[in-house]
Amino acid sequence: CYRFAVYMAEDAVVTALDGSAAFLMMDDILERLKMLDYELAFRGFPRLTHTYFAMPAPNPNEQFHYFMALCSWLMGLLGSAWQAPSQSDDPNLAAQSLHSQLQQVGAPLSFGGWQKLKQGHGEPCCVILQWLLQQIPIEFKPALHAEEAEYEDAAVAEDEADGAHDMADEARKEQPDQARAVHNKSSPPHRLATPRTRRRNTTTVVVTRRDLRLAGRAS
């Protein structure tokens with residue numbers, strides 16, 4: 001007889017048969033971690049898969065340390081400082097320390113004691129990772145399809161080309177004005193033509209008193 005495991009989330013309820021719940025939760029865990037760009041903070045670790053914490057890994061020590069480091073990082077994002085132990089630390093003490101810290105932040109611990117976390121995989125570890133991720137608000141932005149991106153790039157390129165043409169036109173318009181200004185500066189100023197007046201040919205006649213007496217006698 002299979003028992004159903006029900007895990008309450010903020011916006012969803014994950015219901016699955018025992019044994020498969022960890023795989024279903026791991027899908028959600030991986031997608032949320034990608035949204036937080038976890039690869040940038042865990043470059044020294046292997047890239048997670050959809051089954052990494054749902055089943056035992058070939059290197060149990062690395063898997064346990066990876067789980068601890070993820071819990072420490074996520075709690076740090078939530079404002080709760082907890083330093084992850086190193087690979088050389090005692091796994092029992094590390095699991096106890098994590099279990100105590102999870103109690104303080106209010107994580108669901110109904111799966112059992114710290115011994116479940118010592119495994120570094122399985123449903124208890126996935127429950128903790130999923131719960132921590134669900135406490136972190138993630139802003140979803142609308143996806144920009146490739147066609148829309150190409151259209152926007154083409155529109156930007158067209159605008160830039162129009163701007164270049166406009167600048168070239170303005171430059172061509174300014175060149176004749178500048179040439180005329182240079183020509184005006186280099187050429188001497190024109191003198192205004194003054195109208196020439198014609199001189200009339202006048203004859204000066206000198207009349208003496210003698211001439212006047214003779215003219216009187218003749219009359």
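Helix 3 and helix 4 are roughly parallel to each other, which here means an angle under 35 degrees. Helix 3 covers residues 60–77, helix 4 covers residues 91–105, and their axes come within 12 Å and cross at roughly 25 degrees. The axes are lines fitted to C-alpha atoms over the stretch in contact, with angles from 0 to 180 degrees between N-to-C directions. The crossing of helix 3 past helix 4 is left-handed, that is, the near helix is turned anticlockwise from the far one by less than a right angle.

A word on the source. This is a predicted model, where local features need pLDDT of at least 70 and side-chain atom pairs count only at pLDDT 80 or more, while totals for chains, interfaces and linings use all residues. Residues are numbered from 1 along each chain as its sequence is written, and side-chain values use heavy atoms, with hydrogens and water left out.

Which residues of helix 3 meet helix 4? They are Phe64, Phe67, Met68, Cys71 and Met75. On the helix 4 side, the list is Pro91, Ala94, Ala95, Leu98, Gln101, Leu102 and Val105. Contact means heavy atoms within 4.5 Å. By class, this contact has 11 nonpolar residues, one polar and no charged.

Now the whole chain. The protein has eight helices and two strands, taken as DSSP runs (helices H or I, at least four residues; strands E, at least two). From the N terminus, the order is β-β-α-α-α-α-α-α-α-α. Of its 219 residues, 26% count as buried, meaning under 20% relative accessible area with a 1.4 Å probe. Among contacts with a separation of 6 or more, 53% are between residues 24 or more positions apart.

Definitions and conventions:
Buried < 20%, exposed > 50% of the residue type's maximum accessible area, 1.4 Å probe, protein only. Parallel < 35°, antiparallel > 145°, perpendicular 65-115°, else oblique. Nonpolar A, V, L, I, M, F, W, Y, C, P; charged D, E, K, R; others polar.
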